[in-house]
There are 2 protein chains.
Amino acid sequence: MASDIEIARAATLKPIAEIGAKLGIPDAALEAYGRTKAKVSADFLASLKDRTDGRLILVTAINPTPAGEGKTTTTVGLGDALARIGKRTAICLREPSLGPCFGMKGGAAGGGRAQVVPMEDINLHFTGDFHAVTAAHNLLAALIDNHLYWGNALGLDPRRITWRRVMDMNDRALRQLVVGLGGPANGVPRETGFDITVASEVMAILCLADDLSDLQRRLGAVVVGARRDRTPVTARDLGADGAMTVLLKDAIKPNLVQTLEGTPAFVHGGPFANIAHGCNSVAATRAALKLADYVVTEAGFGADLGAEKFFDIKCRAAGLSPAAAVLVATVRALKMNGGVAKEALGEENVSAVVRGCANLGRHIENLKQFGVPLVVAVNHFAGDTPAETAAVEAYCADHGVEAVVATHFADGSAGAEVLAGKVATLADGGAAQFSPLYDDDLPLFAKIETVARRIYRADEVIADKAIRDRLHRWEAEGHGRLPVCMAKTQYSFSTDPALRGAPTGHTVPVREVRLAAGAGFVVALCGEIMTMPGLPKVPAATRIGLTDDGLIDGLF
Amino acid sequence: MASDIEIARAATLKPIAEIGAKLGIPDAALEAYGRTKAKVSADFLASLKDRTDGRLILVTAINPTPAGEGKTTTTVGLGDALARIGKRTAICLREPSLGPCFGMKGGAAGGGRAQVVPMEDINLHFTGDFHAVTAAHNLLAALIDNHLYWGNALGLDPRRITWRRVMDMNDRALRQLVVGLGGPANGVPRETGFDITVASEVMAILCLADDLSDLQRRLGAVVVGARRDRTPVTARDLGADGAMTVLLKDAIKPNLVQTLEGTPAFVHGGPFANIAHGCNSVAATRAALKLADYVVTEAGFGADLGAEKFFDIKCRAAGLSPAAAVLVATVRALKMNGGVAKEALGEENVSAVVRGCANLGRHIENLKQFGVPLVVAVNHFAGDTPAETAAVEAYCADHGVEAVVATHFADGSAGAEVLAGKVATLADGGAAQFSPLYDDDLPLFAKIETVARRIYRADEVIADKAIRDRLHRWEAEGHGRLPVCMAKTQYSFSTDPALRGAPTGHTVPVREVRLAAGAGFVVALCGEIMTMPGLPKVPAATRIGLTDDGLIDGLF
């Protein structure tokens, strides 16, 4: 089979106006970026507000393993297959970050015959949204240090500034640094650091904002630090919210591209799935729901993190009501969850598959708690044996869920046609009775405990008094109704990445909490969370270049 | 008269395809960014290589003062006026930097009735070129620190790394910092800092590269630091050049926009006029010369810096041969050069104008040294009196140069019609016998001396032995044929910003030299040069916001 990049390059892309027309978007409402990318105008989207929403379908997955699950690939394949069976469909994905592209992850635009294109553009600068987030974030940082320099009229405590800077790069040397060195002309020396752009609260805000005025309100509410008396200082106090909004005025408009099969795809926003909520933008999802009858979207990492935050943060904030969920599993990943090493994945091992299904089973149970009907998609890999696949199907049947093998990676939409039929039936069936896991008025710590007990199946949550005090202070300051954004390892239900399968009896330690008052959640960091990745010994960047024909080599 | 932004907003912009058609650019060769911006495809531009070039006209100015000279405004007005008198014309300008927009400079897209539009887009993210330069620059920086982290196989001396990071922001706190803090996982602690993006060597490279392969060659030649034995380490040694080129593959394509009067304008690239050469890209200038009969461009700061570097760096590197030059002066700026304070500029003061003409006169003499015929444009301000204007005209006549009063700021192209006629005649006359100021094979220090003596009229150039030794080492390493890029204050011929007029007898101290082996010049820093600006006490950012109608307020 050809490589992802070979397949993507061989595709003939339709003009973006033709893709827009499939959703009834008039040419005048498309702001083209080249011939195959466009932003959709805010005025046009605002004009749709009284339309009935289409059906929202979440694609989520078991806990990720190095074996690969193919969540994005399945999202694309399912979307193409829904279009194939005659449904007016749109896909909603996150934008990839530049950092991992030059590190080792490679692109993030699906794979095989289930990709969004133009893949190289999407994986590089695309329409500049991430650069706009970086600029808006760093403008606020510059205004903070400038405020200290000019006399600090707000009385900000330099030691209590929590707003860092961001860069869309894997650059570990920037994690912790001292700025303002070199004498009075260069400002006030203090410790700070850089995160990767996707970890920026501005990114989370962009992805949760209803419109430009909500965007500005949220940006203004960002808490950048505190005075000596612990009272918060916000971006609005610094007068930064207007200029930040101006920098983001185009970035908030959803980006329209297409799949290899010409299905419309909104690729927009990309908040980190650990310290943020890991979903594409509300603006894009709302646009898709107004324009299509079926909207397929995905959320970052496994269902314990991605689906939970999709439901409890994004759907709660935006008033969305998903109609169905698709839980992606692969035989290979189930084997790894069943204790097989990556090197041994090539050998048939039905009992390991069955053991690994414990992970799948818990995600099934968890998704049911949100009242959303689901189907399991077994994303087929070439080496999967019939006996292994049958074991997964049998396990799912025992747990009251249908499992469908899908071969979209190799076969495109034809390979996910059966899956699409089941999903459409499920979404049309009206069985969904969505509700988030906890109520707004539960205390913050109780919200953390609810997720830890009901989703992670932990016995207890532990946190220092300082952390509990901080949560109480935020409650007193009026932030108590916010949802919690859990940040923990994606590899396990627990906080120990080595604990695969379906661990029980574990403890969830909350090491730190952060208030994201603009985004509208409280982050609970459980375990070590990296907000600025590093590059590997041989970075992908050193293999990337242009061929003599002007094609990009080595990116994927 | 309406403000710049009011005038810009009131304009009805033509679709960019219509602007491209004026230059014979087919629709298929335009990569649209929205409806009024486009990049021109590399393939189309390559297809023009055998065409005869149009006539290149440089707009430069006397030494800048707080009174304003209007170099960009005159470039736009002259271009519009050439179009008005029936000439096929294109304008070439630099792209503005985001940093000053949020500081205090405001936009950089002309003014009054002589502007390029869409002004807000051009002043904000535009087509993302600066973000691409930032990303490419910082990718190299990340690869350097990553190389140290993984064992430093190249033997790079962490104390001798000269490659810093960049951000398109005024942020003084980043000028000097220590990275890599927090233990072994975060790399190797070392001192470094950030410059503003326009000061990046990558920006200079983008603006001097012939095409993608020349771009990659230049990026690979960038010297990032040295080993303990002083041997250089390059971006190519780190394997960074390919990925950097990929990040810049779209940025190298010229951006096409329009003036308020619909004249095609290439706005592309923006290297700093102090530590770099301060001209728009060679790619855009070449494209314009192939597509138009008259190409009007400008270079940063006064003629002592901007024109000298335009001739000695850009024209030399690209093999360009300018046909004429326009030297912009204003009565107000001449008065300031004649000793009048900004507060007293409103009063008629003919003798001060005459005194200030010494500055103008020296620029006239200097430009003649390059063999390019010139005309003086007196950019008219409302308060200029007939006697003051007559004094400038008389001075110029005495010096064998014609002076033309132009009112394009208030009147658009009609106000520069006479100027355009004179300039066209001059450019058509075949009088130009362009040659740079010095030969390639002059030693580096002698090149610095040549500029200092012949352009700045200094008596001597002084430099420590360490600086002279460094120049000799670079000569030994094969960089001796590079031109020099002078970095000094723009406010004076000397290195003392307070010395207006036409100072003589001064000394030029070379404080530091830097090798820009990728850009292809040696920077000589004379005096204090700021490569990362700071924000003022009340930054423009705090006044910027969106109005209820979605318009940008406070940006200009």
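Biologist: How do helix α4 and helix α17 of chain B pack, in terms of angle and axes?

Modeller: In this predicted model, helix α4 (residues 71-84) of chain B meets helix α17 (residues 417-428) of chain B at an angle of about 80°, and their axes are 8 Å apart. The two helices α4(B) and α17(B) are therefore roughly perpendicular to each other.

Biologist: Which residues make that contact?

Modeller: From α4(B) the contact uses Thr74(B), Leu78(B), Ala81(B), Leu82(B) and Arg84(B). From α17(B) it uses Glu417(B), Leu419(B), Ala420(B), Val423(B) and Ala424(B). By class, the contact of α4(B) with α17(B) has seven nonpolar, one polar and two charged residues.

Biologist: And what about α4 and α17 in chain A?

Modeller: Helix α4 (residues 71-84) of chain A and helix α17 (residues 417-428) of chain A pack at about 80°, with axes 8 Å apart. That makes α4(A) roughly perpendicular to α17(A). Thr74(A), Leu78(A), Ala81(A), Leu82(A) and Arg84(A) contribute from α4(A), and Glu417(A), Leu419(A), Ala420(A), Val423(A) and Ala424(A) from α17(A).

Biologist: Why do the copies meet through the same surface?

Modeller: They do so because 100% of the interface residues of chain A are also interface residues in chain B.

Biologist: Changing topic: which residues of chain A does the UniProt annotation "binding site" cover?

Modeller: According to the unreviewed UniProt entry, that annotation covers Thr65(A), Pro66(A), Ala67(A), Gly68(A), Glu69(A), Gly70(A), Lys71(A) and Thr72(A).

Biologist: Is Pro66(A) buried or partly exposed?

Modeller: Pro66(A) counts as partly exposed, because its relative accessibility is 45%. Its place is in the loop between β3 (55-61) and α4 of chain A. Neighbours within four places in sequence aside, Pro66(A) is in contact with Met336(A), Lys342(A) and Arg500(A).

Biologist: And Ala67(A), buried or exposed?

Modeller: Ala67(A) counts as buried, at 6% relative accessibility. Ala67(A) also lies in the loop between β3 and α4 of chain A. With neighbours within four places in sequence left aside, Ala67(A) is in contact with Arg332(A), Ala333(A), Met336(A), Leu345(A) and Phe381(A).

Biologist: How many residues of helix α11 of chain A are buried?

Modeller: Nine of the 10 residues of helix α11 (residues 282-291) of chain A are buried, so the helix is mostly covered. Among the buried ones are Val282(A), Thr285(A), Lys290(A) and Leu291(A).

Biologist: What covers the buried residues of α18(B)?

Modeller: The cover includes α12 (306-318), β20 (460-463), α19 (465-479), β21 (484-487), β22 (507-510) and β24 (521-525) of chain B. The buried residues of helix α18 (residues 444-454) of chain B are Leu444(B), Phe445(B), Lys447(B), Ile448(B), Thr450(B), Val451(B) and Ala452(B).

Biologist: What does Thr245(B) touch?

Modeller: Not counting residues up to four places away in sequence, Thr245(B) touches Leu546(A), Leu212(B), Leu215(B), Gln216(B) and Leu219(B). Thr245(B) is in helix α10 (residues 241-247) of chain B and counts as buried at 0% relative accessibility.

Biologist: Now the backbone. Where is there a cis peptide bond in chain A?

Modeller: A cis peptide bond joins Val117(A) and Pro118(A), with omega about 5°. Pro118(A) is in the loop between β6 (114-117) and α6 (119-123) of chain A. In chain B, the peptide bond from Val117(B) to Pro118(B) is cis, with omega near 5°.

Biologist: What is phi of Asn152(A)?

Modeller: Phi of Asn152(A) is positive, about 55°, although the residue is not a glycine. Asn152(A) is in the loop between α7 (129-149) and β7 (156-161) of chain A, and at 19% relative accessibility Asn152(A) counts as buried.

Biologist: And phi of Phe301(B)?

Modeller: Phi of Phe301(B) is near 60°, a positive value in a residue other than glycine. Phe301(B) is in the loop between β16 (294-298) and α12 of chain B, and at 21% relative accessibility Phe301(B) counts as partly exposed.

Technical notes. Residues are numbered from 1 along each chain as its sequence is written. Chains are lettered from A and ligands numbered from 1 in the order in which they are written. This is a predicted model: local features need pLDDT of at least 70, side-chain atom pairs count only at pLDDT 80 or more; totals for chains, interfaces and linings use all residues. Side-chain values use heavy atoms; hydrogens and water are left out. Axes are lines fitted to C-alpha atoms, for helices over the stretch in contact, and angles run from 0 to 180 degrees between N-to-C directions. Helices (H or I, at least four residues) and strands (E, at least two) are DSSP runs, numbered from the N terminus. Angles under 35 degrees count as roughly parallel, over 145 as roughly antiparallel, 65 to 115 as roughly perpendicular and the rest as oblique. Contact means heavy atoms within 4.5 Å. Ala, Val, Leu, Ile, Met, Phe, Trp, Tyr, Cys and Pro count as nonpolar, Asp, Glu, Lys and Arg as charged, and the others, Gly among them, as polar. UniProt positions are given in the numbering used here, feature names are shortened, and annotations may be inferred rather than shown by experiment. Buried means under 20% relative accessible area, exposed over 50%, partly exposed in between (1.4 Å probe, protein chains only).
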